[in-house]
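Please keep the sequence and the model in view as you go through it.

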Amino acid sequence: MSREQGRRIAVRAQWLHRDRPAGLLELVRQLTLLQVDLTPAVAPSADLVAWSRLGSAYCPADLEAALGDQALIELQGMIRPAEDLALYRADMADWDQRDEVGGWHNTYRDWVAANRGCRLDILDRLRTDGPLPAREIPDTCDVPWRSTGWTNNRNVLRLLELMEARGEVAVVGRQAGRDRLWDLAERVFPDDNVVPAVEASRLRALRRLRSLGIARVKDVKDVGEPAVIDGVRGNWRVDPAQLDQPFSGRAALLSPVDRLVYDRKRMVEIFEFDYQLEMYKPAAKRRWGYYALPILYGDRLVGKLDAASDRPAGVLRVNAIHQDVPFSKAMSTAIHQEIESLATFLNLKLQLP
């Protein structure tokens, strides 16, 4: 297939074409996940992803309600349909027995084992006082967590995250919209819905391919159909349900961690789009802005929107609209309408440069 065909399959699978899903649950079941990223530069990523697909039909309260009644759950930093939990339970149960060569799993397992006392203390504390945020749980770890990142020496939080992977604890909400609230998984997860590990792995791969439309073999194994993309190296798989489907595109503003662009290598190969999230770069070295939103038009990524939500001032401040290709009049009109729609969604006045 051509790059254009590959792009259209990817855009349609991610529900960024002209047709819109009926609601939030239908959307998340297709996407399989919303990544939890609470960066407030414009809006939390999960809200941006949902709004970019649902438009004015979406309200952040919908996501809060779906999480509150557990139609959606937060699992290892991702918001997923509750029914998908069954696809991860076997791996949770087998967490201590897995032996991965060349990976981090053995290091994690050894660290958890070294802090068995703290792990049992956490379970006891949650059993009596949960749900609790990590900062309200005493740190009794014997071996500190060492990292070059932000989790260095954040022993309780890191242990909770690994206990979540083991299926011992679960996130049941967030305090003031930010800090995760942890409780015993046995109070949250049903006991009787576990898909065997091999079948669960296959089903996860099928759902991943359905959500991406087209992906490398290493990401989805042997599900779907083999594909070759003109001018692109590597072995690919395509969701056969997406083949020979009509395509009608539109303009969309994407979260920097949107699934359409999250795999930067695929983004470059299929969309030929130059983009990086620059919030961790010094201001002088940024080309597009602190939290620039990729701009989709039809099946092409055509630019970046450098914007910021200034809540105290009540404005969505647009610093720049970077054009990777010259915008036609129709493109400019559609993209500006989408920017205006974003300001309305955020309940902010639009301030253009």
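**Notes on the model**

1. P131 lies in the loop between α7 and α8, where helices (H or I, at least four residues) and strands (E, at least two) are DSSP runs, numbered from the N terminus. The peptide bond that joins G130 to P131 is cis, with omega at about 0 degrees.

2. Before going further, please note that this is a predicted model, in which local features need pLDDT of at least 70 and side-chain atom pairs count only at pLDDT 80 or more, while totals for chains, interfaces and linings use all residues. Residues are numbered from 1 along each chain as its sequence is written, and side-chain values use heavy atoms, with hydrogens and water left out.

3. Helix α7 (residues 116-129) packs with helix α8 (residues 155-165) at an angle of about 80 degrees, and their axes are 11 Å apart; axes are lines fitted to C-alpha atoms, for helices over the stretch in contact, and angles run from 0 to 180 degrees between N-to-C directions. The two helices, α7 and α8, are therefore roughly perpendicular to each other, since angles under 35 degrees count as roughly parallel, over 145 as roughly antiparallel, 65 to 115 as roughly perpendicular and the rest as oblique. On the α7 side the contact (heavy atoms within 4.5 Å) is made by C118, R119, I122 and L123, and on the α8 side by V156, L159, L160 and M163.

4. R119 also forms a salt bridge with E168, their closest N and O atoms being 2.5 Å apart; the term means a side-chain nitrogen of Lys or Arg within 4 Å of a carboxyl oxygen of Asp or Glu. This pair links distant parts of the chain, with R119 in helix α7 and E168 in the loop between α8 and β4 (169-175), 49 residues apart. In the whole structure, a search finds 28 salt bridges.

5. The chain is divided into domain 1 (3-65 + 197-351) and domain 2 (71-187), with bounds that come from an automatic or database domain assignment. The centres of the two domains, taken over C-alpha atoms, are separated by 29 Å, and 17 residues of domain 1 are in contact with 17 residues of domain 2.

6. How many salt bridges are counted between domain 1 and domain 2? The count is 3. Elsewhere in this note's list of pairs, the side chains of R207 and D84 meet in a salt bridge, at 2.7 Å from N to O.
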